[in-house]
Amino acid sequence: MELDLTHIDGLDADLLAGGIPKGSVVLLAGAPGTMKSSVAFTTLFNNALRGRRGVYMSLEQGRDSLVHHMRGLGMDPDAAGGNLSILDLGALREKFEGDRGPAWLDLFKMYGQTLRSSFPYEFLVLDSLNALEILAKFERMRREVFELFTWLQGLRSTSLVITKLPPDVEMAGDYRTFANHREDYLADGIVHLKLAKRGDFGVQRQIRVVKMRGRRHSTDYHALVFDHGFRVTRILG
């Protein structure tokens, strides 16, 4: 089995049992502030530095804002040698502002497929599934999410799909589901990021591989630390 690496210290070998099976669709689930977008971007950036192309499709944050944020974390897209494309799909949002729905989703898919012909990307980040549901006005949620995931799998690229969990679910620690419309069953993998209380005042970012088809992986939570780059360590104390 061919594996794709995140190149995040401590994640591939220790949590993923070697990496992500190539072509998988993986949910990055978590509440606001858990650095989902940053982890996804780091994966693209690390692979782009090694000559593998990736695309970051943003449905919410503007390109300039995203680039500014990632440069602040030490990841300058210009250093990727043309192997990293950041797309702000604001133009599509504006074009279909008064006519969102299935036509918007079809155009989104067509855009992604056409881009792959001219820029054969091996990694794709969709930020976020929540925004796509609103823009495309999903009416038959499960069916339309199923069709979206089938399309992503058909790309044969490794896809990281960001999905936001409500803060109240995070605070209650009720993790019976990591999705809004059972896309957790459709995804090949789920990576959960959360903020965990440490003592009376402290908060620690943590990460867990909930599932990853084809891998005998760890299911324990680990600390997610950012210090000139991400690294994953065991939780001590």
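Which element gives the most to the lining of the largest pocket? I began my notes with this question, and I keep in mind throughout that the model is a predicted one.

**Entry 1, the pocket.** I looked up the lining of the largest pocket and found that α1 gives the most to it, with three residues. The space in this pocket comes to about 230 Å³. I counted 13 residues in its lining, and those nearest the centre are K36, S37, Q61, D127 and K164. Besides α1, which spans 36–48, strand β7 (158–164) also supplies at least two lining residues. Sorted by class, the lining of the pocket holds six polar and four charged residues, together with three nonpolar ones.

As D127 is among the residues nearest the centre of the pocket, I checked its backbone and noted that the peptide bond from D127 to S128 is cis, with omega near 10 degrees. I placed S128 in the loop that runs between β6 (123–127) and α5 (129–135).

I then asked how many cavities of 30 Å³ or more the structure holds. There is one, and the volume of the largest cavity is about 100 Å³. Its lining is made up of 13 residues, with T6, L11, I20, L28 and V191 closest to the centre. Strand β3 (25–30), helix α1 and strand β9 (202–212) each supply at least two residues of this lining. By class, the lining of the cavity has 11 nonpolar and two polar residues, and no charged residues.

I followed I20 from the cavity lining, where it is one of the residues closest to the centre, to its place in strand β2, which covers residues 20–21. Is I20 buried or exposed? The cut-off for buried is under 20% relative accessible area, and I20 has 6% relative accessibility, so it counts as buried. Leaving aside neighbours within four places in sequence, I listed E2, L3, D4, T6, V26, T158, L160 and M212 as the contacts of I20. One of these, T158, is 138 residues away from I20 in sequence, yet their C-alpha atoms are 8.1 Å apart in space.

For I207, not counting residues up to four places away in sequence, I recorded contacts with L11, L15, V191, H192, L193, D220, Y221, H222, L224 and V232.

I traced the pairing of β8 (residues 189–198) with β9 and found it antiparallel, over 10 bridges. On this side I noted that K197 has V203 of β9 as its bridge partner. The hairpin of β8 and β9 has three residues between the strands, and in it G199 takes a positive phi near 75 degrees. With strand β10 (residues 222–226), β9 also pairs in the antiparallel sense, here over two bridges. In that pairing I found Q206 opposite A223 in β10.

I looked up A17, which is not a glycine but has a positive phi of about 55 degrees. A17 sits in the loop between β1 (3–4) and β2, and it counts as partly exposed because its relative accessibility is 27%. H228, likewise not a glycine, has a positive phi of about 60 degrees and is found in the loop between β10 and β11 (230–233). With 79% relative accessibility against a cut-off of over 50%, H228 counts as exposed.

Of its 237 residues, 53% count as buried. Among contacts with a separation of 6 or more, I noted that 69% are between residues 24 or more positions apart.

Notes:
Residues numbered from 1 in each chain as written. Predicted model: local features only at pLDDT ≥ 70, side-chain atom pairs only at ≥ 80, totals over all residues. Heavy atoms only, no water. 1 Å grid on protein atoms, 1.4 Å probe; cavity = no way out; pocket = protein on both sides within 12 Å on 5 of 7 lines; lining within 4 Å. Points joined across faces, edges and corners; volume = space filled by probe spheres on them. Helix = DSSP H or I, 4+ residues; strand = E, 2+ residues; numbered from the N terminus. Nonpolar A, V, L, I, M, F, W, Y, C, P; charged D, E, K, R; others polar. Pairing = 2+ DSSP bridges. Contact = heavy atoms within 4.5 Å. Buried < 20%, exposed > 50% of the residue type's maximum accessible area, 1.4 Å probe, protein only.
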